[in-house]
Amino acid sequence: MKVTIKSWTGVASWRWIANDENCGICRMSFESTCPECALPGDDCPLVWGVCSHCFHMHCIVKWLNLQPLNKQCPMCRQSWKFNIH
Amino acid sequence: MLRAIGKRDRDIFDEVWPEKRKIVLKLLRQETVSQREWQDLFFGVHFVCLWDEKGAAKIYDGLQQDIVEFIVQAQSKVQAQRGEQALLATYIVEWRKFFTQSNYLPLPFRQLEQSPQVKPPSGSGSASGSGSSTSAASTSNAAAAAGGSSSSNQAASSSSSSTKASTSAAAAAATSSSGGASSTTSAASNSASAASSSKKGITEDSPVRKLMLDSWNKHIFHDIKDRLQESAMKIVHAERNGDAYDAQLVVGVRESYVNLSSNAEDKLEIYREHFEKAYLKATADFYRLKSTEQQQENGVLAYMKYADAKLREEEVRAKRYLEPSSFNILTCRLVKVLIVDHLNSIIAECPALIRDYETDRLNLMFRLMDRVLDGEGVEAMMGDLQRHIKSAGLADMQSASEIITQDSEKYVERLLELFNKFSDLVRNAFNDDPRFLTARDIAFKMVVNDTSVFKMELPTSIANRGVKYTAPESKCPELLANYCDMLLRRTPLSKRLTSEQIDARLRDVLLVLKYVNNKDVFMRYHKVHLTRRLILGTSADSEKEEDIVEWLREVGMPADYVNRLARMFQDIKVSEDLNTQFRNSISRHDAINIKILNAGAWARCSERVSVSLPIELEDYIPDVEEFYKKKHSGRKLQWYHHMSNGTITFVNNFGRYDLDVTTFQMAVLFAWNQRQHDKISYENLRLATELPDPELRRTLWSLVAFPKIKKQILLMEPTAIGSPKDFAENTMFYINQEFAIVKNGKSQRRGKLNLIGRLQLSTERSQQEDNQSIVQLRILRTQEAIIKIMKVRKRMNNAALQAELIDILKNMFLPSKKMIKEQLEWLIEHKYMRRDDDDINMFIYVA
């Protein structure tokens with residue numbers, strides 16, 4: 001008797017790899033969404049700054065729009081740049 | 001005439017009036033009056049009023065005398081008649097003559113209207129005059145005024161009927177104005193002013209006309225009105241009994257009643273108080289007797305036909321004999337006598353008729369009852385219908401409970417059959433009347449949500465709160481979801497049906513779903529089934545899958561729920577693209593598929609289950625993870641092995657088979673790959689697979705006792721084990737070397753077999769939690785809804801809050817009173833809101 005695998009369908013979900021539990025702006029868990037969204041996942045993504053801080057994209061964009069001059073990270077006050085991997 | 005100036009007042013009247021009086025008498029008798037005489041009368045009246053201070057009063061008195069005298073003569077003519085018909089006929093002739101004259105005679109005496117000596121008419125002229133007589137009078141007035149300048153025609157020869165007179169007068173007016181005499185303009189302006197004032201009704205305001213009608217009323221009508229009425233009613237009565245009579249006689253009497261009124265504001269006063277009253281009474285008396293007789297002789301069912309026929313007949317008759325204002329009153333009275341008085345005996349037949357589906361008779365009964373104003377009869381019928389649907393529906397379900405509790409297809413089909421039957425009944429018997437549709441819906445709701453045939457037990461509160469009650473709920477939504485699954489999955493059922501048939505059935509499911517109280521249960525099961533179909537790729541038609549999502553949206557399922565379903569399809573599509581990219585990147589993984597899901601959208605994947613995967617798979621996994629990391633930075637994959645599945649090739653001495661298995665089954669079978677002939681104990685299998693106990697039991701059971709196959713893959717020792725719970729640590733399992741797929745009694749050497757079967761894609765524990773999580777979700781939804789309402793309203797009393805709450809939640813489930821109360825208490829305890837200090841039933845939102 002022998003058993004061999006012919007094909008296999010693996011099922012997985014994904015989660016964010018963030019260095020924190022909660023978003024520093026809205027204080028909501030990264031596992032869930034920013035306050036405006038209903039469904040976690042692709043619709044409410046996370047973004048990282050070069051300073052390595054991480055927020056809901058909706059939250060940080062809103063924050064940056066509120067800063068008239070220096071666009072800074074709300075956590076470390078370094079000037080904010082999106083970290084595009 | 002001018003010589004009369006200077007004479008004493010008294011003389012002027014005495015000199016002028018006797019001549020004029022003759023003309024008046026001629027007019028009354030409808031004899032021919034020449035134009036000259038007609039004009040003289042105008043002049044005479046004017047002259048007397050001008051020169052005699054009391055002239056107007058004198059003329060009025062003189063006129064009254066003559067009119068009364070004339071009436072008395074007419075009366076004696078009428079009274080002389082003995083026979084009923086002759087009496088009516090004579091009266092009508094006399095009355096019509098007199099009435100015609102009442103439109104003309106007042107014209108010369110308009111001067112009297114200005115005189116304070118003559119009592120003015122009681123009412124100011126309203127526009128409600130009978131059009132023909134008014135306009136005829138006005139034109140003839142204009143003609144008479146115009147005729148003063150040029151005399152050519154025998155105008156106003158009023159022996160003809162009123163219409164004739166008016167046309168000849170109009171013609172006279174036309175000729176006179178075309179004659180081009182000096183007074184043409186004045187005639188024109190005169191006629192214009194007459195035309196404008198005609199709207200007010202010239203003769204109707206006239207005291208003379210009032211005098212005429214009042215005199216007639218007093219001297220003739222008053223004496224014989226009872227006889228008149230009686231005669232008319234006798235004719236109607238005879239007609240009802242089938243004898244033919246001259247209907248015109250009755251019509252004539254009615255006309256005299258209507259026209260006799262000199263009260264301009266309410267022309268129908270006399271008619272209403274006498275004729276209508278008598279007619280109503282006669283009608284009611286007639287049918288009161290007849291209806292009882294009919295019912296006793298022919299029974300209630302035949303009586304309904306009789307009543308219906310008579311109601312129509314009387315409506316036609318009323319159009320002939322009554323003024324339009326009386327129609328409703330008469331119908332009302334008839335309905336009372338023919339229906340309301342027999343309401344109970346008619347209604348008593350209703351349940352039997354419904355039971356026997358006697359749609360025609362029910363329809364008749366409905367039409368009769370619909371005439372009853374307060375709707376009492378219709379309400380009773382609705383109650384009967386509702387009771388019937390409920391009891392018949394439940395009886396039907398109960399009698400078939402053996403089959404339908406096992407088979408969701410049969411259950412749904414049975415339910416739809418019932419529903420269609422009742423809908424037909426409502427359509428045929430009650431014309432789809434909204435009230436009966438509501439009654440049907442209420443009853444159907446009761447059938448669907450009934451818990452006596454099937455129920456599922458839901459804990460009413462969360463387990464850790466101590467006492468655990470269960471509240472039974474209908475299993476209907478679960479069965480509906482199962483049925484949906486059968487239609488949407490590749491099953492014998494869905495293969496048998498055409499695409500249109502499947503669509504129709506899915507629509508039917510949604511129809512029934514409308515009546516289900518706890519739709520959240522349906523949603524939950526539907527989602528579980530959908531998850532299964534999408535993960536295992538067993539959908540019969542992916543287009544239909546997406547259609548039904550839209551349909552669910554259309555029937556009012558909560559948007560976030562429907563959005564999540566849509567999201568699931570999106571995930572599957574994205575995963576397909578991902579798969580292609582993955583295969584292109586690494587050539588050696590052709591056999592691998594990946595499905596990456598958004599955690600929030602799918603049926604709750606509960607906790608992850610650890611499993612020791614076959615070595616080949618362990619090799620694949622890092623490649624997949626590496627690939628995904630490159631595609632999506634910042635993300636990490638979490639494997640759901642309880643959902644993973646695959647196909648394995650199983651080779652033994654007998655043949656070679658492709659088996660569809662879950663990853664857990666795969667892990668178990670791979671335990672024998674290195675030691676094919678060994679017997680492995682349960683304990684060792686657990687060590688080898690690392691599966692949690694409940695999962696291992698379930699998986700092993702599916703391999704030793706898979707339903708409906710002759711030869712199982714695994715065998716066990718001891719053999720007499722009845723359920724997965726009875727596996728002991730030392731129960732031994734070994735590969736069935738004789739395994740083969742058996743078809744038509746023959747063992748096949750090749751073949752394909754699906755061993756996943758009905759295995760849940762969820763874990764054992766989450767299955768147990770299913771019902772509890774439904775309740776948990778309800779609690780959250782209730783809290784959320786209460787806060788939502790209170791945030792807007794700020795202050796609200798208990799009853800209003802509950803009503804609004806149910807309105808918000810009804811598309812998901814019906815919150816029980818108990819649950820609402822508990823959640824209110826919880827919210828108060830946690831300071832989301834508080835009770836009013838003065839009113840314990842008033843809640844106040846606390847920000």
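**Note on the predicted two-chain model**

1. Strands here are DSSP runs of E of at least two residues, and helices are runs of H or I of at least four, both numbered from the N terminus. Two strands count as paired if DSSP finds at least two bridges between them.

2. Basis of the model. This is a predicted model: local features need pLDDT of at least 70, side-chain atom pairs count only at pLDDT 80 or more, and totals for chains, interfaces and linings use all residues. Residues are numbered from 1 along each chain as its sequence is written, while chains are lettered from A and ligands numbered from 1 in the order in which they are written.

3. Strand 14 of chain B and strand 15 (residues 842-845) of chain B are joined by three bridges, in the antiparallel sense. Arg835(B) sits opposite Phe843(B) of strand 15 of chain B. Angles run from 0 to 180 degrees between N-to-C directions, and axes are lines fitted to C-alpha atoms, for helices over the stretch in contact.

4. A helix pair in chain B. Helix 10 (residues 207-240) and helix 11 (residues 247-259) of chain B have axes that come within 9 Å and cross at roughly 145°. Leu228(B), Ala232(B), Ile235(B) and Val236(B) of helix 10 of chain B meet Leu249(B), Val250(B) and Val253(B) of helix 11 of chain B. Contact means that C-beta atoms, placed from the backbone, lie within 7 Å. The residues of this contact are seven nonpolar, no polar and no charged. Nonpolar covers Ala, Val, Leu, Ile, Met, Phe, Trp, Tyr, Cys and Pro; charged covers Asp, Glu, Lys and Arg; the others, Gly among them, are polar.

5. The interface. In chain A, 25 residues contact 47 residues of chain B. Strand 1 (2-16) and strand 2 (46-48) of chain A each supply at least two residues of the side that touches chain B. Strand 1 of chain A gives the largest share, 15 residues. That side of chain A divides into 14 nonpolar, seven polar and four charged residues.

6. Strand 1 of chain A runs parallel to strand 3 (residues 592-597) of chain B, and six bridges join them. Trp8(A) has Ile592(B) as its bridge partner in strand 3 of chain B.

7. Chain A itself. Chain A has one helix and three strands, in the order β-β-β-α from the N terminus. Of its 85 residues, 29% are buried. Buried means 20 or more other C-beta atoms within 10 Å of the residue's own, with C-beta atoms placed from the backbone.

8. Confidence. The model scores ipTM 0.83 and pTM 0.68. Chain B averages a pLDDT of 77, and 82% of the residues score at least 70. pLDDT is the predictor's confidence in each residue, from 0 to 100. Over residues 120-201 of chain B, pLDDT stays under 50. Residues 462-468 of chain B also stay under 50, with five contacts beyond four places in sequence.

Note on methods: Contact = placed C-beta atoms within 7 Å. Buried ≥ 20, exposed ≤ 12 C-beta atoms within 10 Å, placed from the backbone.
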